[in-house]
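Biologist: I'd like a quick tour of this one. Can we look at it together?

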Amino acid sequence: MATTPTPPRDRPAGSKLERRVVAAAQAALTRHRYVTPLALLSALGWLPGDVVDRWRQGRIPELERGAAVSPSRLLEALEIFVRWARVEGLSPGEVDYLAATRDRRPLRFTTGGDPEVERAYRTHWTSAAMSESARARLVQRQSAPPDLVVHAAVTPWTCVECGDTGDLLVFEDPQTLCLTCADLDHLVFLPAGDATMTRRAKKASTLSAVVLRFNRTRKRYDRLGLLVEPAGLDYAERQCLGDEAARLRRRERDRERRADQDVALMARMAEEILRLFPGCPAPRAEAIAGHTGLRGSGRVGRSAAGRAVDQDAMTRAVIASIRHEDTGYDHLLMAGVPRAEARERIRTDIDRVLAAWRSGP
């Protein structure tokens with residue numbers, strides 16, 4: 001886990017920059033018992049929080065591009081920091097920095113991509129007083145893949161695949177997709193505010209995504225909540241039934257769901273699904289209709305074709321349901337498999353279920 005950063009250059013002892021770096025590093029060490037280059041440079045004011053957020057989301061190719069100072073200035077501070085960490089007897093540990101994208105690609109700090117400099121940025125320094133097991137747990141936690149991110153729209157936008165728009169969008173290199181085209185429209189929104197509910201729902205969901213909105217006033221991203229699987233949310237709610245707040249939340253959620261449900265439209269959708277796929281179990285057809293036709297969801301059932309109970313729209317809704325419910329598609333996405341490749345892998349499974357449902361009982 002050792003690192004070999006660029007050797008420090010000669011500089012006047014006790015320079016202003018050195019005093020700033022040492023003070024910021026010492027404060028972080030006292031507070032957390034470890035120091036990271038990223039936190040240090042942010043404490044110096046050279047890496048604005050919104051820049052770091054966009055970089056972690058994979059929207060900035062190299063971190064130094066968004067810095068408030070030149071790359072050489074960043075490197076100078078990093079060299080001072082590494083020299084100080086070694087004098088203090090801190091223990092180095094290399095950490096993986098992965099993008100909050102489905103491919104979980106490694107993040108880059110520099111435009112040049114020098115391996116030694118990149119390694120120096122990835123190296124975290126921990127107190128010598130920290131036990132080896134505690135240090136290993138810290139490195140493991142810091143190297144964990146980040147959450148997938150969905151953004152609440154703050155400006156007008158259009159999906160590059162279907163031309164639609166909506167309240168939520170996904171950035172993919174660096175195009176914008178709606179939840180339907182990003183294969184996240186089967187998830188339900190859990191507002192922030194109840195840490196226990198959020199933790200349990202996320203743990204019970206194979207696929208989940210954090211919903212963020214950029215706060216222009218504070219120049220940062222605010223966390224609005226989490227998109228989780230319906231089954232994961234139901235599980236979390238059952239686990240929290242002993243809490244009065246959770247019971248009230250569930251009753252409110254059920255009331256809103258009933259208010260939003262267009263019973264007549266969903267009945268027509270279920271009827272058309274069973275006509276097209278007579279082998280589909282009736283409860284499943286009703287579930288598909290209820291899911292795709294939920295008002296405000298932005299799913300295919302709420303499109304013009306969906307409301308007209310168009311044959312193609314209903315077929316697309318059925319395929320989407322099979323993809324998420326009857327194949328390993330969500331597991332592939334969470335493993336970092338690109339969306340197109342994941343779809344190709346499960347195509348045979350989808351075709352098999354469609355054939356069985358088309359043939360009838």
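Biologist: Which residues in α13 meet which residues in α16?
Modeller: Thr315, Val318, Ile319, Ile322 and Arg323 in α13 meet Ile350, Val353, Leu354, Trp357 and Arg358 in α16. Contact means heavy atoms within 4.5 Å. By class, this contact has 7 nonpolar, 1 polar and 2 charged residues. Ala, Val, Leu, Ile, Met, Phe, Trp, Tyr, Cys and Pro count as nonpolar, Asp, Glu, Lys and Arg as charged, and the others, Gly among them, as polar.

Biologist: What kind of model is this, and how are residues numbered?
Modeller: This is a predicted model, with residues numbered from 1 along each chain as its sequence is written. Local features need pLDDT of at least 70, side-chain atom pairs count only at pLDDT 80 or more, totals for chains, interfaces and linings use all residues, and side-chain values use heavy atoms, with hydrogens and water left out.

Biologist: Back to the helices. At what angle do α13 and α16 pack?
Modeller: α13 (residues 311-325) and α16 (residues 347-359) pack at about 125°, with their axes 10 Å apart. Axes are lines fitted to C-alpha atoms, for helices over the stretch in contact, and angles run from 0 to 180 degrees between N-to-C directions. The two helices are therefore oblique to each other. Angles under 35 degrees count as roughly parallel, over 145 as roughly antiparallel, 65 to 115 as roughly perpendicular, and the rest as oblique.

Biologist: Is the crossing of α13 and α16 left-handed or right-handed?
Modeller: α13 crosses α16 in a right-handed way.

Biologist: What about α10 and α11? How do their axes cross?
Modeller: The axes of α10 (residues 263-276) and α11 (residues 282-292) come within 8 Å and cross at roughly 130°. So α10 and α11 are oblique to each other. Their crossing is right-handed.

Biologist: Which residues in α10 meet α11?
Modeller: Met266, Met269, Ala270, Ile273 and Leu274 do. Their partners in α11 include Ala282, Ala285 and Ile288. The contact has 9 nonpolar, 2 polar and 1 charged residues.

Biologist: Zooming out, how many helices and strands are there?
Modeller: The protein chain has 16 helices and 9 strands. Helices (H or I, at least four residues) and strands (E, at least two) are DSSP runs, numbered from the N terminus.

Biologist: How much of the chain is buried?
Modeller: Of its 361 residues, 45% count as buried. Buried means under 20% relative accessible area, exposed over 50%, partly exposed in between (1.4 Å probe, protein chains only).

Biologist: Now Tyr121. Buried or exposed?
Modeller: Tyr121 is buried, at 4% relative accessible area. This residue is in helix α5 (residues 115-122).

Biologist: What is Tyr121 in contact with?
Modeller: Leaving aside neighbours within four places in sequence, its contacts include Pro37, Leu41, Tyr97 and Phe109. Tyr121 and Thr36 are 85 residues apart in sequence but 8.0 Å apart in space, C-alpha to C-alpha.

Biologist: And where is Asp194?
Modeller: Asp194 is in the loop between β7 (188-191) and α7 (195-203). With 18% relative accessibility, Asp194 counts as buried.

Biologist: Which backbone nitrogens does the Asp194 side chain reach?
Modeller: A polar atom of the Asp194 side chain lies 3.2 Å from the backbone nitrogen of Thr196. The side chain also reaches the backbone nitrogen of Met197 at 3.0 Å.

Conventions
Left-handed = near helix turned anticlockwise from the far one by under 90°. Polar contact = N/O pair within 3.5 Å; in protein donor to acceptor, adjacent residues only side chain to side chain.
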